[in-house]
Amino acid sequence: MNRTLEKGKTLLVDGPASVIVASGKVEVFGYSVGSTNKIVIREGKRLPFVVEEKASFNISLGENAEIEETDGSTIPPSWTKAFEELQEIQSKPVVALVLGTADSGKTSFCTYMINKLINKKKKAAILDGDLGQSDIGPPCTVAYALVTKPLTDLFNLEAKNAFFVGITSPSTAIDKVIEGLTTLKKEVLNNNPDYVIINTDGWTEGEEATNYKIRLVKELNPETIFCLHQKDELTTVLDSLKDFKVIMVEFPSTIKQRSREKRRSLRELGYIKYLRNAKVQSIPKNWIEIEENEFGLNRANGNIRQARKIYEFLGMKPLHLAEFKHKISIFVGKTRWISEDAIKKVEDFTRKKVEVVHKGEEEGFLMALYDDERKFLGIGILQEVDYRRQTLNILTPVSKKISRVALGKVKLDKNFRESLVFAEENSTDISSFRRLF
Ligand SMILES: Nc1ncnc2c1ncn2[C@@H]1O[C@H](COP(=O)(O)OP(=O)(O)O)[C@@H](O)[C@H]1O
Ligand SMILES: [Mg+2]
């Protein structure tokens, strides 16, 4: 369809859709889009096309896509002012951190700031700390990119490096998120940017979230904080950040709130982006290092004498034995059954809780793959553990030599849809989560 809009109007397009600006002068988050490029709008995203001079659009809408015309620009004046204030900061490089609740416009504000900096020929980097809605790296990672040209969506960027946290919500991985962001911030600064924009997650409610945000800000120590606010969502956080330069910016009036389902489908686009052209690689376990995980795939069978005794009690040799401080996981075939009596004997003998793991329960887990210098190479999905041949079959597009793997706490099905994220569904440990199978 074609649309023509007068100067001073904004065309709001909700994806999935694509738009070509056939004529006129139009800006998307500060990026003056030409008539050559086709702009793709992801499902779950809304893009504002602000008309600077009368413009005509060729629009193709996907399923459930929508368009709407509105008067004026949907870029709040405080965003423009915020950019001016950013430029006034003398010390270089300038690190600016963005705070806000979920769906408050954080990603869009970051996109706007980055585009304005690029327009000014500044060297800009974006560090994405939003685990649950990661725009740059794969979901469950924090990641950064050095931006060289303006863009309509941070999702179009390829991560220069990423730090795998392995979960979609920071609430159960606070230390790891902070470690990831401080580590990557150092790496970003080694690229000598003029400006670093740090995006954060939308977890702001409750004491835990407040303390986490305060700690995060103090560890990252930005020159300035941009706070997207509607009412007083972040007052408690800001009360503890009096030493920092805080600039309040408006929550866009045309923001599009997203359901949990929409957030999940946006995340799944992220898995698809980083699992495109994936192939199954069969890697011998003794060729790689497996980081500590709750399944115990990295753990050996404990001491031989004890293992033999356990096989005796079980009347069979399990596929794998993983000994932990308080439990022993016994891996058996998909349909294999172990009697309560045998389990009791093993528990009495080892004085540890026995957990029976059926082959297949480990399948589908998101994995991070690293080289021998622990550089993040990409993500993969654990397809199968072949206990007999002692190999891991991993579905991944990574072609470089993999020397180390880490298991996440997210499972993906064959269509890269999240089949379970136990942090988001319920914060319980692996045993109660396993009982769901
Ligand atoms: N200034 C704006 N004008 C129009 N739509 C906007 C604006 N800012 C954000 N949006 C839309 O609102 C939704 C939520 O914004 P987003 O930046 O993704 O928020 P967050 O990163 O805080 O979750 C997105 O679809 C986005 O495109
Ligand atoms: Mg976001």
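**The ligand and its surroundings**

Guide: Strand 6 (46–61) and helix 2 (106–119) each contribute at least two residues to the shell around ligand 1. Helices (H or I, at least four residues) and strands (E, at least two) are DSSP runs, numbered from the N terminus. This is a predicted model, in which local features need pLDDT of at least 70 and side-chain atom pairs count only at pLDDT 80 or more, while totals for chains, interfaces and linings use all residues. Residues are numbered from 1 along each chain, chains are lettered from A and ligands numbered from 1 in the order written, and side-chain values use heavy atoms, leaving out hydrogens and water.

Visitor: Which element gives the largest share of the shell around ligand 1?
Guide: Helix 2 does, with three residues.

Visitor: And how many residues surround ligand 1?
Guide: There are 20, and the closest are Arg46, Thr74, Lys106, Thr107 and Ser108. A residue is near a molecule if one of its heavy atoms lies within 4 Å of it.

Visitor: What classes do they fall into?
Guide: The shell around ligand 1 has six nonpolar, eight polar and six charged residues. Asp, Glu, Lys and Arg count as charged; Ala, Val, Leu, Ile, Met, Phe, Trp, Tyr, Cys and Pro as nonpolar; and the others, Gly among them, as polar.

Visitor: Which domains do they come from?
Guide: Domain 1 (2–71) and domain 2 (77–257) each supply at least three residues of that shell. The domain bounds come from an automatic or database assignment.

Visitor: What polar contacts are there?
Guide: A polar contact here is a pair of N or O atoms within 3.5 Å. An oxygen atom of ligand 1 lies 2.8 Å from a polar side-chain atom of Lys106. For Thr107, a polar side-chain atom is 2.9 Å from an oxygen atom of the ligand. The side chain of Arg258 has an N or O atom 2.9 Å from an oxygen atom of ligand 1.

Visitor: How much of ligand 1 is buried?
Guide: Taken alone, ligand 1 exposes 550 Å², and the protein buries 99% of that. Such areas come from the Shrake-Rupley method with a 1.4 Å probe.

Visitor: New topic: which peptide bonds are cis?
Guide: One is from Gly15 to Pro16, with omega near 10°; Pro16 is in the loop between strand 2 (9–14) and strand 3 (17–28). Another is from Lys92 to Pro93, with omega near -10°.

How values were computed: Polar contact = N/O pair within 3.5 Å; in protein donor to acceptor, adjacent residues only side chain to side chain.
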